Amino acid sequence: MEEIDPESLAEVAYGIFEIFLDRELGAHGPYLFERVEQGTDFEADVREIFGRFREDYPALAEALLLRFGGIDTVYAEILAGEGILPSKTTRMYWIVQDEPGPAARGLDDEQVGKWLIFVPRSEVDEAWRKIRDETARGMLGISAKVSTAKPNPDSRDERAVIYVYTRDWADEADVMRVRERLRDLGFVERLGYKRNIETYRGEYSEEGRKVTYYSA
């Protein structure tokens, strides 16, 4: 078995811990991004949640501690914007924000699709805040994610990309409801909507060939 590079394992551990932390915080109060942007001191919560993370994922927790030296360093990075704003995030390829409530709720992953929004990197933080906040309020799709400043070898575009997910690509009324809300938020240019099915097949747009299911 190929040995995993400790640095790579620590980066993976960091990303998983932030997702774990955000879900734990959001289940009992404001989301992680809200606490950071409001200037709240939540270090005690981070330490308590890390204890549970260590019980559930001991190998990842140890990799995290070996890389950062202590949870206080991780907390400092979060306060500096790591995992909060795309331009400040270099340890994860994506920042994710789910709608409120249980994550599963009978979701059929092959029915899921997403609107794709490409923005200049100089504008990505502002664009992400709009979409993130609406998603967190339950006013947009089921989830959203944004590419970060961490160089991604799989990226096909120099711009940042934001995905806004809907539950069912066949539910055109809901898909277009989300599109209208995006227009209200200022995303008025024509957008493409791609089904997860095409993504899983590795199908991407090429010259003379499009894989978007809707365009609006």
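1. Does Phe-20 count as buried or exposed, and at what relative accessibility? In this predicted model, Phe-20 counts as buried because its relative accessibility is 15%, and buried means under 20%.

2. A pair of aromatic rings is described by the distance of the centres and the angle of the planes.

3. Phe-53 counts as buried, with 0% relative accessibility, whereas Tyr-57 is partly exposed at 37%. Phe-17, Phe-20, Phe-50, Phe-53 and Tyr-57 form one aromatic cluster. The structure holds 15 aromatic pairs.

4. Two arginines lie over ring faces. Arg-67 is placed over the face of Phe-68, 5.0 Å from the ring centre. Arg-179 is placed over the face of Trp-115, 5.9 Å from the ring centre.

5. The second largest pocket has a volume of about 580 Å³. Its lining consists of 26 residues, and Ile-19, Asp-22, Arg-23, Val-96 and Asp-98 lie nearest the centre. Helix H1 (6–26), helix H2 (32–37), strand E1 (94–98) and helix H6 (124–136) each give two or more residues to this lining. The largest share, 7 residues, comes from H1. By type, the lining of this pocket divides into 15 nonpolar, 5 polar and 6 charged residues.

Methods:
Residues numbered from 1 in each chain as written. Predicted model: local features only at pLDDT ≥ 70, side-chain atom pairs only at ≥ 80, totals over all residues. Heavy atoms only, no water. 1 Å grid on protein atoms, 1.4 Å probe; cavity = no way out; pocket = protein on both sides within 12 Å on 5 of 7 lines; lining within 4 Å. Points joined across faces, edges and corners; volume = space filled by probe spheres on them. Helix = DSSP H or I, 4+ residues; strand = E, 2+ residues; numbered from the N terminus. Nonpolar A, V, L, I, M, F, W, Y, C, P; charged D, E, K, R; others polar. Phe/Tyr/Trp six-rings, centres within 6.5 Å; stacked < 30°, edge-to-face > 60°. Buried < 20%, exposed > 50% of the residue type's maximum accessible area, 1.4 Å probe, protein only. Lys NZ or Arg CZ within 6 Å of the ring centre and 35° of its normal.
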